[in-house]
Amino acid sequence: MLEFDLFRPQNLQEALDLLAEYKGSARVMAGGTDLMIALRAKKGMENVKYIIDISRLQELAYIREGEGLEIGPLATMTQVAESPVVRQCAGVLAAAASTVGSPQIRNRGTIGGNVVNAAVCADTVAPLVALEAKVKLERKGGSRWLPLDQFITGPNRTQLAADELMTGIVFAKLPANAGWGFMRLARREALAIARMNVAVVIKRDSQGKVEDASIVPGAVLPRPGRVTEAEKLLIGTIPDGALARRAGEAVAEAMISAAGRRWSTPYKEPAIIALTERAIKQALEVEWR
Amino acid sequence: MDTVNKPARRVDALGKVLGESKYGADLQFEGMLYGKVLRTPYPHARILSIDTDEAATLPGVEAVLTAADVPGLHTFGTVVPNQQVLAKEVVRYLGDAVAIVAAVSPAVAEKALDLIKVEYEELEAVFDPEEAMAEGAPVLHEDAPGNIAAHHVLEKGEVEEGFAASDIILEREYETQLVEHAYIEPEAAVAVPEPGRRGITVYGSIQNPFSCRKALSRMLGFKLNEIRVIQAFMGGSFGGKDEVMSAMCARASMLALKTGRPVKMVNTREESLLEGYKRHPYKLKYKVGATKEGKLTAMKIYILADAGAYTAQTPFVTWRSVVQATGPYEVPHVRTDVYGVHTNNCYTSAFRGFGSPQIIFAQESLMDELAEELGMEPLELRRLNGYRQGSVTATGQKLDEHKVSLMEVLDKAVEKSDYLRKRKEYANQQGRFRKGIGLACSFRGCSLGAEGVDATGAMVSVQYDGSVYVFSGLAENGQGLQTIFSQIAAEELGISVERVRFMPTDTAAIPDGGPTVASRSTLMGGNAVRIAAAKVRETLLGAVLGRLKASAQELDWGNDRIWVKDDPSRCVSFEEAINEACSQGELLAALGWYKAPKVTWDDRHGQGNAYFTYVYGCQVAEVEVDTETGYTRVLKVTAAHDVGRAINPETVRGQIYGGVAQGIGYALLEEVQQHEGEIKSLNFDEYLIPGIMDMPEIEAIIVENPDSFGPYGAKTIGEPTLEMTAPAIASAVAQATGRRVRQLPLDLERVLLGRSLQQDRYKRREGGC
């Protein structure tokens, strides 16, 4: 039986105070869509004595334009998916958020929770890495910024200290010459965890030559990151379908070199090649079916 | 007909959608305690000792019981009573219970479970049916040598002669998976001791109240009349709330009798998936011979079904398989062997279809494979060999007492789905996304057949204000029985459905009419209601003869009135007729009892008239496959089913939509992950069933060929609807990809690679996705 005390801080300062006091014996709850499952499964909850429910901290539920785009960790998947500014300036993230779970889960689940939980299949992580997002971590009396791909260190592992709270996600808006693609594969149409996903952002010059590319697969590498070998294939070219496929093959090679040949590799290898090729074509706005 | 064959609104719908209907877990009683179950951590082990002292002294704990406390016998079961309500000496699967606790709250009960100390000696376990049959394998039950829970044989003709006469022989192996019913409501029951005298009343999510009562009688040591089982509203069952509910009700009852207080037990979803029985996984070897023209000459079939730890309904499930294993095709020479085999896996028992979805997947896949070898259109092969009026089945039964409508359902499904044109169109495709279309058909014996005694009853009781009770021995499990029975009662009495109130199934209110299974309710129970209502109507007619100055033959009835056929102005209202009858002291209630027509069975050769009537169906599935990922979407299912007569066309369509949805899950998604007896997928985040987004357009075609035995000609619809969806989809996928998958489900890996990767995962002990 799990027994714990529940705190509901009314503002950020209260939340940081509680974290400073209870540190490792406390767990933060935002939307609860991952935590409730972990509580039910009693997984990794042995030392948890306190739950700090931050879902009432409206000050962390923002989506706003500054120098770039700033998203509060308590912005829900629905908010992110439906936000006009996210759709316009970071469509790859809106697309990913719209695929998570079901309407009920998207109404509860938050982008901060998705990132901090750091599941390998987290749908918003790949696009955020492709957008080169940074995250703000605050503790009582201090804060720091980390690039997202450094923040997540492995499956369900991050650099978040026990007394820290993620309070912001920031990235540059995509310029007009950028195209994006997001592909996701799951076992059914909705309410299914991604087997794999891939986010692609491609910037091209006026001739259509690729200036820059971000290719980030999800549930493929032990920690999220760009596959530079794949990106390099595209940069400086006007890519065709064959090149997109080769980039996909480079992602598959990166997967195998990082994780070895596992039980799932015979399936994931051909599938990630196809998904990557399609995401690249989607980013290039060519037919991928 | 005024009411029957019309789309009446479901009589139980409003309370359900308004949240007013009370399900098992909603029930509350004064002083009620909460029961919880401690289960074994080993799939096969000897219990050395159980120490409950510490748990029993925990504040708030009112009782802790083990097998030693069972008042009657600690086992139960319909065929072979070897299932344990509480494990006595040996546990045989991970769902086996070793102790139960009643406490003032579920939390205290759960805490008490942690304080029970059980010492086990692990025993060698076996998880594969083939290994379980081999010499030297651990034997689970002494009275089942070789772990054989059931073996059915069928011999027709001389199978080797049939193969000798064939031009082509095909041998194929198919495999189906372990599947969960996935009813939306997990198991729940409340047992209430009778105050002042020996007796217990149990309410709950109970599919078969009479089966439950019989099991309780054995385990509690109570007479049948000391036990009353009342069904609560049901959140689905699909065959799944039989043995598991008998066990739960017995445990709740023991705790209630021990404490003298009501005890509620509710399974979590995880407990439900862990303990509840599933659909049998089958391994099927088919050998078929045919002439080059496509005429079937012989079929040899060998099937292994994993029965898991206990016998439950395995002998009946596998019996339906042996009867129907050749499909609706004339095969002169047949040899079939079906074995149900014990293992230390989760036990398997009844599940909508009951031994048919497995064999239909194999036999219909085989027909398509044979057609391909012969260069024939699969439809033509079926037309050439399919049952027609007077055909003789593999069991030697001549089909001449009902309309054999296989060709009619085939034709209708094929025409509506545009099967032949699409089949040609999809034959040559380029691109990553490819479409395919496939069909499957079946014949299905209605009701219990030679499984056992087949009779049931209902009572219709007309009250003096014009309202009517209907009591039935069969139960509403979500299928729409209340509505169907209310319609039939209304039709026979000539009144509106609104006057009829269906009473919860209560073992103290009506004679035992057998279980609500085998798609038998409309056919069997419908007849019983019809008989009961007609008896009351005859009494009413008799009571008004003097007033209307007419003989009974001259009267007609309907729309809440009785009138003289030749002079409708001479009429009485339903209420006036009741008043007349009451003033004459007539009884306005009647018990209807219907006995099924005779069936026969010779167990040694598997020959006989297995069922008294059959239904026929055909489904066509259209799919689109992503050939680079294996992702398969069903685009459309066309389903033609002969139901005899649709008592309510809307509930028939509902059955078809629901059955096809379940069939799609069986085809593409559903597979209980079980490794060394341990169920890995314990909730619906991992055990995936189709959602609304996965559902295609379903075109339901109701075919009506009234049956001479059925009420108004009605037969069966519940089970046939899901049994042929998977093979239709499998053949559609085979057309799309050019490769046939012979294992269910056709998940991403099987469609892309032709095999599942799960076993590699367990072998390599790797996690991840």
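**Questions about a predicted two-chain model**

Colleague: Why is B:Arg742 called buried?
Modeller: A residue is buried if 20 or more other C-beta atoms, placed from the backbone, lie within 10 Å of its own, exposed if 12 or fewer, and partly exposed in between. B:Arg742 has 20 C-beta neighbours inside 10 Å, so B:Arg742 counts as buried.

Colleague: Before we go on, what sort of model is this?
Modeller: It is a predicted model, in which local features need pLDDT of at least 70, side-chain atom pairs count only at pLDDT 80 or more, and totals for chains, interfaces and linings use all residues. Residues are numbered from 1 along each chain as its sequence is written, while chains are lettered from A and ligands numbered from 1 in the order in which they are written.

Colleague: How do you know how confident the predictor is about chain B?
Modeller: The pLDDT gives the predictor's confidence in each residue, from 0 to 100. Chain B averages 97, and 100% of its residues score at least 70. The model as a whole scores ipTM 0.96 and pTM 0.98.

Colleague: Back to B:Arg742: where does B:Arg742 lie, and which residues does B:Arg742 touch?
Modeller: B:Arg742 is in the loop between α19 and α20 of chain B; helices (H or I, at least four residues) and strands (E, at least two) are DSSP runs, numbered from the N terminus. Two residues are in contact if their C-beta atoms, placed from the backbone, lie within 7 Å. Leaving out residues up to four places away in sequence, B:Arg742 touches B:Arg172, B:Glu173, B:Tyr174, B:Glu175 and B:Ser365.

Colleague: What makes B:Pro745 worth a look?
Modeller: The peptide bond leading from B:Leu744 to B:Pro745 is cis, with omega near -5°. B:Pro745 sits in the loop between α19 (725-737) and α20 (748-753) of chain B. Most peptide bonds are trans, and most residues other than glycine have a negative phi.

Colleague: Which phi does B:Phe354 have, and is B:Phe354 buried or exposed?
Modeller: B:Phe354 has a positive phi of about 60° although it is not a glycine. B:Phe354 belongs to the loop between β17 (333-342) and α10 (356-374) of chain B. With 25 C-beta neighbours inside 10 Å, B:Phe354 counts as buried.

Colleague: And why is B:Lys549 called exposed?
Modeller: B:Lys549 has 11 other C-beta atoms within 10 Å, so B:Lys549 is exposed. B:Lys549 too is not a glycine and has a positive phi, of about 50°. Its place is in the loop between α15 (521-548) and β22 (555-558) of chain B.

Colleague: What makes chain A as compact as a globular protein of its length?
Modeller: Chain A comes to 12 helices and 13 strands. The radius of gyration is taken over C-alpha atoms, and the globule rule is 2.2 Å times the number of residues to the power 0.38. Chain A has a radius of gyration of 19 Å, close to the 19 Å that the rule gives for 289 residues, so chain A is as compact as a globular protein of that length. Buried residues make up 47% of the 289 residues in chain A.

Colleague: How many residues do the two chains bring to their contact?
Modeller: Chain A brings 21 residues and chain B 27 residues. On the side of chain A, helix α12 (residues 265-283) gives the most, with 5 residues.
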